[in-house]
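This report describes the architecture of one protein chain.

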Amino acid sequence: MKDVEFNLLEEPWIRVLRPDCTVEEVSLTDALLRAHEFRDLAGELPTQDAATLRLLLAVLHTVFSRKEGTEEPAFSTSDEALLGWSQLWRQGSFPAAPIREYLAKWRERFWLFHPQRPFYQVPEAKAGTQYGAEKLNGEISQSGNKIRLFSSYAGEEKKRMTYAQAARWLLAVNGFDDTSAKPKGKNLPSVGAGWLGKLGLILAQGKNLFETLMLNLVVLRDGETLWGPQRPCWELEQARSGERTEIVIPDNAAGILTLQSRRLLLFREGGAVVGYALLGGDFFEKENAFAEQLTVWRGVQRKKDAPVVFQPLRHDPTKQLWREFTTIFSQQPNGRRPGVVRWIALLQTVKILDPKAVVRFRVAAVHYGDKDFVITDTFGDELTFHVFLLGELGKVWRHVIDEEIARCEALARAVETLARDLIIAAGGSDMGQTRAAKEQFYFQLDQPFRTWLYGIDADWDEEEREQSILAWQAQAKRLARAQGQKMAEDSGPAAFVGRAVRESGKKEEKPRYYCAPNAYNHFLYRVQRVYNAKEGGKK
């Protein structure tokens, strides 16, 4: 067997979606140079695509931050960086010469199998926890003590992977790995899940892969300052091999995009990957880790009068992305917008992007079990609207959207309360149904809200804006009333007759009478009150 095998710059391994919706595997080089030809990445899971996109972005950051053929910075001011980005955007495709020249220089660092510098791996990882190929495959993520009952793969398909498939999952495991691997050294710190698994990962998406890469190519950190010199992991003179190593957070985009959260080593046999070994890798304190541009943040105040610190906010798999609009896209007093959102807001402010252009944001995440010990689910979502909403022109509209989302939450609470009252009226005790009713209401709102958000137009005058808001509110109320009516009708004879219930701990008070008609009338009152009171029904 060859010591050196499968160069990622030349062998096809990245899955891309062609305009005719067929999937093709291409090399890393072709994925960049032909990005304008492809609609998107098309890996096995959205999380895998996110990890692959970060690798491609690291190459682009490095190439275009330097003067061609040198390591001297290409830009000395923020204006120069913006101009350089704008020129690339207008070109519509990436220039071949600088990319080919750079990748040729570092070709030896892109061998999937190499005795000293295998790509995204270190030989020292051989001492780590060993797994079969079925654990590497994120579609099944099956370890020796956890067997998938309904798997996408069976037999030898589970136990062997092609080099191309293994290369894709190598990136994903590095970013999203769980915490099941035990340390080999003593008294080592816990590093938690892989870096991408700690994030509320968010990406901008364009009409094709070129636009997607460009929109996420944040050449100004938080849309404000120049990065430090770019240093992707393959440019390190010596690959870091120490187990669970705390490092200083990178001050450059390429460094954080290629963070080695895990020490990995693939095992091959007969031209296929049959397993891998793993140790904990690099980590740093996630609080105020603002070099990361592709995450949602949440502010935390540890003590009274202490400054607010920010941590990555993981996505909730039970919440649609539009319900997080306020946290992600609005400028809250103690909030922080993701770097990529601030970047795109800047692009439309300086008129590089047309305010009427449509932008789509997507999230890709995994859900972990207790203490991140196992991955239980993989999920994603997306949201589309006109880019003007992110800038100064959209300030009024962002406030309106925030208020309407607050009202949606108030309507959902009204639905939940109705469900509880109907259960009590029927003599039931299973309050788990209340959450199901609430989630069903959010499902009913989901597509209508997205449609309303997408239709908001920068050219509307005050009257048109008001008409749009009133039309949406009427639709939301109609959906709430329809669900409430059906819930009351389906509650059954026992709920219709009802019963008197004495509130717990209030023996001196008269029992309260619960029945479906009363519950429904109270519900209608709450719905109307949402739109009569200020701030989404809160006085």
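The sections below treat the chain as a whole, then its strands and helices, and finally its pockets and cavities.

## Overall architecture

The structure is a predicted model. Its protein chain contains 17 helices and 19 strands. The radius of gyration is 26 Å, close to the 24 Å that the globule rule gives for 539 residues, so the chain is as compact as a globular protein of that length.

Taken along the principal axes, the C-alpha atoms fill a box of roughly 80 × 55 × 55 Å. Of the 539 residues, 53% count as buried.

## The open sheet of β3, β2 and β4

Three strands make up an open sheet, arranged in the order β3-β2-β4 with antiparallel pairing. The edge positions belong to β3 (23-26) and β4 (40-41), each of which pairs on one side only.

Strand β2, residues 14-17, is joined to β3 by four bridges, and the two run antiparallel. Within this part of the sheet, V16 stands opposite E24 of β3.

## Strand β16 and its partners

Strand β16 covers residues 358-368 and is mostly covered, with eight of its eleven residues buried. Strand β7, residues 202-205, pairs with β16 in the antiparallel sense over four bridges. The bridge partner of A204 in β16 is F361.

β16 also pairs with strand β17, residues 375-386, again in the antiparallel sense and over eleven bridges. Here A364 stands opposite G380 in β17. The hairpin of β16 and β17 has six residues between the strands, and K371 in this hairpin takes a positive phi near 55°. As a general point, side chains in a regular strand alternate between the two faces of the sheet.

## Helix α7

Helix α7 comprises the 14 residues 163-176. From its first C-alpha to its last, α7 reaches 20 Å, close to the 20 Å expected at 1.5 Å a residue.

Is α7 buried or exposed? With 14 of its 14 residues buried, α7 is largely enclosed by the rest of the structure. The burial cut-off applied here is under 20% relative accessible area.

## Helix α13

Helix α13 runs over residues 395-425, a total of 31 residues. At 1.5 Å a residue, α13 should span 45 Å, and because its end C-alpha atoms are 45 Å apart, the two values agree. The helix is followed by G427, whose phi is positive, near 85°.

V415 has its place in α13. Its relative accessibility is 0%, and therefore V415 counts as buried. V415 and F441 are 26 residues apart in sequence, and their C-alpha atoms are 7.4 Å apart in space. In general, an α-helix has 3.6 residues a turn, so residues three or four places apart point the same way.

## The largest pocket

The largest pocket holds about 520 Å³ of space. It is lined by 26 residues, and those closest to its centre are F64, S65, R66, A74 and F75. The elements that give two or more residues to this lining are α2 (46-64) and α3 (78-91).

Which element provides the largest share of the lining of the largest pocket? That share comes from α3, with eight residues. By class, the lining of the largest pocket has 15 nonpolar, seven polar and four charged residues.

## Cavities

How many cavities of 30 Å³ or more are found in a search of the whole structure? The search finds six. The second largest cavity contains about 110 Å³ of space. Its lining has 13 residues, of which R54, N174, L196, L257 and L259 lie nearest its centre.

At least two lining residues of the second largest cavity are supplied by each of α2, α7, α8 (195-198) and α10 (253-257). α7 gives the most, with three residues. The lining of the second largest cavity divides into eight nonpolar, four polar and one charged residues.

Definitions and conventions: Residues numbered from 1 in each chain as written. Predicted model: local features only at pLDDT ≥ 70, side-chain atom pairs only at ≥ 80, totals over all residues. Heavy atoms only, no water. 1 Å grid on protein atoms, 1.4 Å probe; cavity = no way out; pocket = protein on both sides within 12 Å on 5 of 7 lines; lining within 4 Å. Points joined across faces, edges and corners; volume = space filled by probe spheres on them. Nonpolar A, V, L, I, M, F, W, Y, C, P; charged D, E, K, R; others polar. Pairing = 2+ DSSP bridges. Expected span 1.5 Å × (residues − 1). Rg over C-alpha atoms; globule rule 2.2 N^0.38 Å. Buried < 20%, exposed > 50% of the residue type's maximum accessible area, 1.4 Å probe, protein only.
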